[in-house]
Amino acid sequence: MDIRPAGKADLLTRSRGLTARDAEVLSYLARHRVLTALQLARLVFGSYSHARSRLAVLHERGVLARFRRDIWPGSQPWRYTLGPIGAIVHAAATGAALPRPATVTETVLRLAHSAHTEHRLGVNDFFATLAGHSQHHDGRALGEWWPENEVGATCAGIVRPDGYGEYSDHDRTLGFFYEYDTGTETLDTLVEKVGKYAELADAGICKPILFHLPSASREHHFHAAVTRRWPVKPPVPIATMPADQLAPPGHHIAAASPSIVDALWRPIGHTRRRTLADLAPRTTRQPTARTDAA
């Protein structure tokens, strides 16, 4: 990990020359906390090599901070977040209170050593992959992406999804809550989450829930557990995808097939897998979650 705080004397000097695309990078990191170079390439740059080059420059200037853990063999890709200059510039641009460099450094340290950071990166990778896929296919778009804290506040504390998204494919738009499961929680805990989503639906916010599960075995047992609890049908629409069916990760902007948009999603109560777009009704664009919650 390398953090480069700046004194007041050189803050303006080191913040010069930031582009509109740099500002977009800062905005994504301010909202979603931590992203890899590949994720930022899919969201902003369109080129992995270009993203790595520019992010290295921004890090050298203290605009971004980065960290990674040693693994064997090799090392992790860098995890990027706001550095002291980037946090101050973004706050100034959005009218927020300017953070102290020491506060930013503390935030970076917490991210680097938090057990939740890898989970957050997994969530972010799903949405960044959707964004990268959409860039290469006309008529497709990731129209909304809300992080956990924002969607949790909208859900009034009833449930705290890992994210909320709206994915459009021509005449179909799927608004969904997203749950990124790594297998550390019990199946009973996952079933209880479904019950909370049913409470949310009763309160007037009903969207399909997409569960990203680590394996086909985990998926099978989850479907069985939900069916035991609700034998006729689940109280809210649920579809699951086993991560072990995805193509190996690479460095391409558009993920290799089969990817998260392909026919890997299995609605509970069904045996046939569907594409992500097939989970949405064939209608005009749906209201956003922000409208639904009003």
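**Cores.** I began with the largest nonpolar core of this predicted model. I found 51 residues in that core, and those touching the most other members are Leu64, Phe126, Phe176, Leu210 and Leu276.

I then picked out Leu210 and asked which residues it contacts, leaving aside neighbours within four places in sequence. My list for Leu210 has Phe126, Phe176 and Leu276, along with Leu174, Phe177, Tyr178, Glu179, Ala239, Trp265 and Leu279.

**Sheet.** Next I looked up how the strands are arranged. I see 3 strands in an open sheet, ordered S1-S3-S2, with antiparallel pairing. The edges are S1 (35-36) and S2 (64-67), each of which pairs on one side only. I followed S2 to S3 (residues 79-82) and found antiparallel pairing over 4 bridges. One bridge I wrote down joins Phe67 to Arg79, its partner in S3.

**His223.** My last stop was a histidine: is His223 buried or exposed? I have His223 down as buried, because its relative accessible area is 5% and the cut-off for buried is under 20%. This histidine belongs to helix H10, residues 216-229. Not counting residues up to four places away in sequence, His223 touches Thr240, Arg266, Pro267 and Ile268.

Definitions and conventions
Residues numbered from 1 in each chain as written. Predicted model: local features only at pLDDT ≥ 70, side-chain atom pairs only at ≥ 80, totals over all residues. Heavy atoms only, no water. Core = buried A, V, L, I, M, F, W, Y, C linked by side-chain atoms within 4.5 Å. Buried < 20%, exposed > 50% of the residue type's maximum accessible area, 1.4 Å probe, protein only. Contact = heavy atoms within 4.5 Å. Pairing = 2+ DSSP bridges. Helix = DSSP H or I, 4+ residues; strand = E, 2+ residues; numbered from the N terminus.
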